[in-house]
Amino acid sequence: MTTLSAGSLDWAINHVSKYGDTDLFPIPFEFALIKKDWTAVQLKLRQIDIGAHQWSSTRQIIVQKDEVSFRRTAQLDPLDAILFASIVHEAGRTIERRRVKRNKNTVFSYRFAPTQKGRLYRTERGWEQFWRTSRDLAKRHEFVVVSDITDFYNQVYHHAVEIQLQDANVGRPYIKAIMNLLGSVTERVSRGLPVGPHPVHLLAELAMIPIDERMVGSGFAYCRYVDDMHVFVNTRKDAQIALGELTSCVDAFQKLTLNRSKTKILPSVQFIAFADRMLIDNPINDAEARIIEAIREVSDDPYSTISLQSIPEELLRVMDEGPIRAVLESYVEEGDAIDFIRLRWFIRRLTQVGVPGGVTFLIDHAQVLAPALSEITRYVSSARHRFEGRWPTIGDQLLKLLDDPVVKTSEYMQMLIGQN
């Protein structure tokens with residue numbers, strides 16, 4: 001019988017209470033109730049044999065990614081979310097040691113580094129580091145192979161995850177618990193990782209280890225963020241060889257396929273221009289640049305909550321309603337070409353501070369910005385104590401939004417609006 005330690009369970013309740021259980025859903029109210037009676041709950045959780053645990057059914061909802069694409073997401077039962085986080089907390093260091101070392105500047109996504117306060121991964125801006133490193137490598141090469149994996153999380157084979165857990169020397173009860181969970185979520189289909197739960201990212205990284213090792217061992221300059229992969233070479237012929245090697249890797253180790261529409265061989269000059277657009281230091285306008293710079297002056301941690309009292313008055317003025325509205329208007333003016341990845345990122349930075357300047361605009365344009373509704377609702381919640389507008393008006397708008405035909409077809413959108 002293998003049980004979880006009190007320390008890991010304490011870490012897990014701190015983790016889900018502060019960061020939630022998923023990337024996509026509001027933090028369930030159950031966590032506050034569980035934490036209130038934590039001594040009794042922890043005692044029961046410590047008695048569970050994790051290898052024999054029967055996972056409860058998960059909530060599975062279709063979530064909109066952008067105007068025309070969707071993905072299936074999963075949310076665990078609250079107690080299961082705590083158990084899963086604790087399991088990964090105990091096995092995570094073993095998994096991390098199996099990965100390509102961080103100092104190789106090759107793999108930038110979801111590096112395991114838990115803190116006592118509940119953080120799970122390193123706070124360095126991995127996405128930016130990935131693109132900065134890629135841009136630097138492109139300057140030293142003539143061509144870049146750019147690719148990602150088709151429907152990555154949904155296509156990962158469970159058996160491949162199990163093999164990597166074994167190779168990492170993770171304890172058998174932990175492996176059994178993880179594999180039972182994956183089987184439960186996918187209803188015994190042998191492939192697919194649940195999209196949403198924070199600890200799942202480490203399992204996805206685990207599945208990529210053979211590909212990382214093969215590409216690094218091949219001698220190519222290579223770097224990766226989740227399933228976005230870049231290979232750097234000096235001739236077009238070498239680019240074709242590298243692409244063949246990458247295609248062979250993802251097929252041999254995972255039976256995955258590269259995304260045809262996103263797989264390209266680019267001259268380095270073209271790639272560098274593309275990398276410049278992807279980096280956060282290439283904001284949509286000057287107002288966004290000033291706001292992001294102001295936030296970074298007081299915190300370099302993109303996950304921390306920043307107290308307004310800690311921000312100098314001159315920086316607060318940068319985050320008034322006018323500048324925030326100017327940024328959001330620029331995104332909306334992109335019409336069908338709205339970059340929702342960057343917009344979500346910007347709204348999450350506003351949420352860190354809880355400045356209320358964007359509340360009215362975002363609620364007014366919630367229908368157009370529906371793919372960012374999760375970030376919008378979290379932001380509105382973070383600004384609730386500082387918003388000086390009329391909450392009854394905001395409430396009326398949200399109620400009207402529930403009657404929108406598009407919202408009526410989305411359980412996810414209804415849930416976000418209802419919990420705000």
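**A loop residue and its surroundings**

Guide: Let's begin at Asn105, which sits in the loop between H4 and helix H5 (126-139); helices here are DSSP runs of H or I with at least four residues, strands are runs of E with at least two, and both are numbered from the N terminus. Please keep in mind that this is a predicted model, in which local features need pLDDT of at least 70, side-chain atom pairs count only at pLDDT 80 or more, and totals for chains, interfaces and linings use all residues. Residues are numbered from 1 along each chain as its sequence is written, and side-chain values use heavy atoms, with hydrogens and water left out.

Asn105 is not a glycine, yet its phi is positive, near 55°. With a relative accessible area of 45%, Asn105 is partly exposed (buried is under 20%, exposed over 50%, partly exposed in between, with a 1.4 Å probe and protein chains only). Asn169 belongs to the loop between helix H7 (158-167) and helix H8 (172-185), and its relative accessibility of 64% makes it count as exposed.

Back at H4 (residues 78-98), the helix axis comes within 8 Å of the H1 axis, and the two cross at roughly 120°; axes are lines fitted to C-alpha atoms, for helices over the stretch in contact, and angles run from 0 to 180 degrees between N-to-C directions. H1 and H4 are therefore oblique to each other (under 35 degrees is roughly parallel, over 145 roughly antiparallel, 65 to 115 roughly perpendicular, and the rest oblique). On the H1 side, the residues in contact include Ser8, Leu9, Trp11 and Ala12, while those of H4 include Ala81, Ile82, Leu83 and Ala85; contact means heavy atoms within 4.5 Å.

In the loop between helix H1 (6-19) and helix H2 (30-36) you will find Thr22. Thr22 counts as buried, at 1% relative accessibility. The Thr22 side chain reaches the backbone nitrogen of Phe25 at 2.8 Å. Setting aside neighbours within four places in sequence, the contacts of Thr22 are Ala74, Gln75, Gly196, Pro197, His198 and Arg378.

Among the buried ones are Leu373, Ile376, Tyr379 and Val380. The buried residues of H18 pack against helix H16 (340-353), helix H17 (359-364), H19 and H21.

Let's finish with a sheet. Its 4 strands run in the order E4-E5-E3-E6, forming an open, antiparallel arrangement. Strand E4 (221-225) and strand E6 (264-267) are at the edges with a single partner strand each, so one side of each has no neighbour in the sheet. On average, neighbouring strands of this sheet are turned by 20° against each other, direction ignored. Strand E3 (residues 143-147) pairs with strand E5 (residues 228-233) in the antiparallel sense over 5 bridges; two strands pair if DSSP finds at least two bridges between them. Here Val145 stands opposite Val231 in E5.

Terms used. Polar contact = N/O pair within 3.5 Å; in protein donor to acceptor, adjacent residues only side chain to side chain.
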